[in-house]
Amino acid sequence: MKILIFSPLELPYTIGARYSGLERLSVQFAYEWSKLEHDVTLMAHKDTNVPPNIKFLPCEGYPNNDHTIHAEQRAFMAYQSEFYKFDIIWDMTHLQLPARFMPFLPTVNIFHANPEYAVKSGYTKAPYNLVSWSKWGVREIRKWFKQESRYQETIMVDPEVYKPEGERGDRFLTIGRMSPQKGNLNAIMLCRELGLPLDVAGGRGSEAMPTAELRDYEKSILDLCDGKQIKFCGEVSDEEKIKLMQTCKALLYITPHVEITSHKVQEAMLCGAKVLIPNTGGMPEIVTHGVDGFLCLKIEDYKEGIKNLDKLDPSRTREQVAQKYHPENVAKGYIDLMQKVADGERWK
């Protein structure tokens, strides 16, 4: 098949640079589908590191605090005459413009937001051929949008890179950009209360320019990091992130924000880390409660989970997790679906 991947344009994916989740996934899919001998073109931020054998349609990002929707609109207008040349368009963007304005084209549209939050914020989506990252997401799309979607695993984690290695220490880990949605402050407060050592990793987030003043939430985090019990690591490289996941006592993810899945949880689990995460959204589809992690609804559940960490054994489920998120398996899982869409199949 001739496949066009329309990546989000918020950030470029550059090897060794800052974390870029959706953009990274677009590049990973391009690489895996090209290995399966498909003709792949990647439409992405102009500074993206494009794998060999991938054609590239470079796009401007959104400089000077412009919004990502404007970048996607510009890219759509610049390249829409190219869209006819492909058997299938795999759309990872926020606006999903090809499906909305060129509905005669075959598209698979990845819906990567919590449907409830999306409805309440006026989130724009494709009117057909939606794919969700979790079975929970499929149910929520039906509930909030009255629209059908398909579940297909999208997260890729290479088990040969994310793997147990070295010795585990006594420090807990929380990781994610410094925003209430990622819950770093909650993990800090819990560890301070219990006297536990914690490493805090994560950048300021794409919503804040590097030169912008610190927001109150960011200030609160930095004020509580003393460099000893609570250490602030900032935005870490891939190698540093993997090392933290391989050596932490457990991953703490304490947030009221309901997510359809979590890339960092899958990565930590493949590194052999025990995980304590919310029992909400698509999270129960990731963790086997009481085996490789604990699913928690309230702060008392996290405290109880910390007391019982020794009862967990992530090695029991690692092979299953590795198979589920292996890049080759995830990429192959889409081929039959995309061929059907290329042949005219739709769901609404």
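Let's start with one side chain: that of glutamine 96 reaches the backbone oxygen of isoleucine 110 at 2.9 Å. The glutamine 96 side chain also reaches the backbone nitrogen of alanine 126, at 2.6 Å. This is a predicted model, in which local features need pLDDT of at least 70 and side-chain atom pairs count only at pLDDT 80 or more, while totals for chains, interfaces and linings use all residues. Residues are numbered from 1 along each chain as its sequence is written, and side-chain values use heavy atoms, with hydrogens and water left out.

Where does glutamine 96 sit? Look in the loop between strand E4 (88-91) and helix H3 (97-101); helices (H or I, at least four residues) and strands (E, at least two) are DSSP runs, numbered from the N terminus. Glutamine 96 counts as buried because its relative accessibility is 0%, and buried means under 20% relative accessible area with a 1.4 Å probe, protein chains only. Leaving aside residues up to four places away in sequence, glutamine 96 touches several others, including Asp91, Phe111, Lys125 and Leu130; a contact means heavy atoms within 4.5 Å. Phenylalanine 111 is 15 residues away along the chain, and its C-alpha atom lies 9.2 Å from that of glutamine 96.

Now zoom out to the whole chain. The secondary structure comes to 12 helices and 13 strands. The radius of gyration is 20 Å, close to the 20 Å that the globule rule gives for 348 residues, so the chain is as compact as a globular protein of that length. That radius is taken over C-alpha atoms, and the rule is 2.2 Å times the number of residues to the power 0.38. Of the 348 residues, 57% are buried. Among contacts with a separation of 6 or more, 63% are between residues 24 or more positions apart.

On a 1 Å grid over the protein atoms alone, a pocket is an open set of points with protein on both sides within 12 Å along at least five of seven lines, whereas a cavity is a set where a 1.4 Å probe fits but cannot get out; lining residues have an atom within 4 Å of a point. A search of the whole structure finds 1 cavity of 30 Å³ or more. The largest cavity has a volume of about 40 Å³, and its lining includes Trp133, Tyr151 and Lys324.

Methods:
Grid points are joined across faces, edges and corners, and a volume is the space filled by probe spheres set on the points. Buried means under 20% relative accessible area, exposed over 50%, partly exposed in between (1.4 Å probe, protein chains only). A polar contact is a pair of N or O atoms within 3.5 Å; within protein, one must be able to donate a hydrogen and the other to accept it, and residues adjacent in sequence count only if both atoms are side-chain atoms.
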